[in-house]
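The entries follow in the order in which I looked things up.

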Amino acid sequence: MSKMASMFRPKKLDLSGFVNTRLIRDHNKRNAVEQTEPERQALRYLIRNTSLPQRVRAQAQLQLSQMHAYTRPTQIKNRCVASGTARAVFRDFRINRFQFRMQALAGELPGVKKASW
Amino acid sequence: MFSNPTRSLLGAGRRLRVPLSARWQSTTPVQPSAPSPSPAQETKTTSPAESVPIPEANAAKSTSERMGALDNNARLPRSVQAVYLRPLRRKAEHGLPVCDLQLRSYSVENVEFFADFAIRAAYYLNLPVSGPVPLPRIVERWTVPRSNFVHKKSQENFERITLRRLIQIKDGNPQSVQAWLAFLRKHAFYGVGMKANVWEHESLDVGKAMDQSATEIQKTLEPHLAQFGQREDNSAGNNMFDVLDSDRFAERKSARA
């Protein structure tokens, strides 16, 4: 199993809208995590199951650590779909705070208005 | 100068119009008996010299009057008239809640309009309705810096207020409740979201009914339950690595690569 990230890269770009290298990378990670989740869960189960022989558990540990970094769910980071920024991204709208402000002022976010109270 | 004669003429017209129109109304039902002689006689009696222009004016007035009478007397069909009035409601006999429909929107007009529409639809489907109950608004607020970079001191507030209305159906026929929900879905209004909780009520012998239906349910579940458990000829034993290296996982790996 090669350690190259290119194995998770699709032949053809499967994203539309705003596209960024970091955005594509995050997208590939998401795909990798989705595809390898059962494998990871099986290995995690083997490692934690105390009724299994120690050798099997150690082997499972090794195999899990050998898996590619892209298959780790902690590698996923929410990114702004309009600008690719990774900071201050609102979960509700999946956009950055500045993009949120611009779109809200332009009336592109339904129901969002300027507030004063 | 001109105002006085015109007024007098108009007055004459008015004076003339009253008996004529009354006569016209009276004659219409009695037309088959003798329609032609009676108007001729009356015109002769009033003014023989002005007999030619007056009937024309009278005819014009009578048509306009007829239109006016239509406006005044003719009523809209009941169903159309009801649109201008408060929605009609059925009375609940037992008051057993059957369905809760929650409408959500960001604008008052939309949600109010659609709640009204839903209540009217329920009336024609013979469903007793209570509501619309205005549920608490959901206010979400965000504060963001105005600039795209630093300058935290200058910020801006945004909010999104979700308005909610609850419409409850009481002791309605479950099929008509489904029909009502389907109708509302078909005529869904823009900017209004819907969420329905539907309850079904059983008779007191629920346990017996469930026992009876258990065998049928088991039959339907059999193909699904057959997927669970371990095969007797499973020689893999404790070795999960064989499973992980099996065709299924290999397939996934190859598909991903």
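Entry 1, two helices of chain B. I looked up which residues of α5(B) and α6(B) meet, and found A118(B), A121(B) and A122(B) in α5(B) against W180(B), F183(B) and L184(B) in α6(B). Contact here requires C-beta atoms, placed from the backbone, within 7 Å.

The model is predicted: local features need pLDDT of at least 70, side-chain atom pairs count only at pLDDT 80 or more, and totals for chains, interfaces and linings use all residues. Residues are numbered from 1 along each chain as its sequence is written, while chains are lettered from A and ligands numbered from 1 in the order in which they are written.

The axes of α5 (residues 108-124) and α6 (residues 174-186) of chain B come within 10 Å and cross at roughly 140°. I therefore list α5(B) as oblique to α6(B) (angles under 35 degrees are roughly parallel, over 145 roughly antiparallel, 65 to 115 roughly perpendicular, the rest oblique). The crossing of α5(B) and α6(B) is right-handed.

Entry 4, chain B as a whole. I counted 9 helices and 4 strands in chain B; these are DSSP runs, helices (H or I) of at least four residues and strands (E) of at least two. From the N terminus, the order in chain B is α-α-α-α-β-α-β-β-α-β-α-α-α. Chain B has 257 residues, of which 10% count as buried (20 or more other C-beta atoms within 10 Å; exposed is 12 or fewer, partly exposed in between).

I found 18 residues of chain B in contact with 20 residues of chain A. On the chain B side, β2 (129-145), β3 (155-170), α8 (240-244) and α9 (247-256) each supply at least two residues. The largest share of that side, 5 residues, comes from β3(B). Strand β3 (residues 112-114) of chain A pairs with β3(B) in the antiparallel sense over 3 bridges; pairing takes at least two DSSP bridges. K114(A) has F158(B) in β3(B) as its bridge partner.

Is D14(A) buried or exposed? D14(A) is exposed, because 11 other C-beta atoms lie within 10 Å. I located D14(A) in the segment before α1 (21-48) of chain A.

How values were computed: Axes fitted to C-alpha atoms, helices over the stretch in contact; angles between N-to-C directions. Left-handed = near helix turned anticlockwise from the far one by under 90°.
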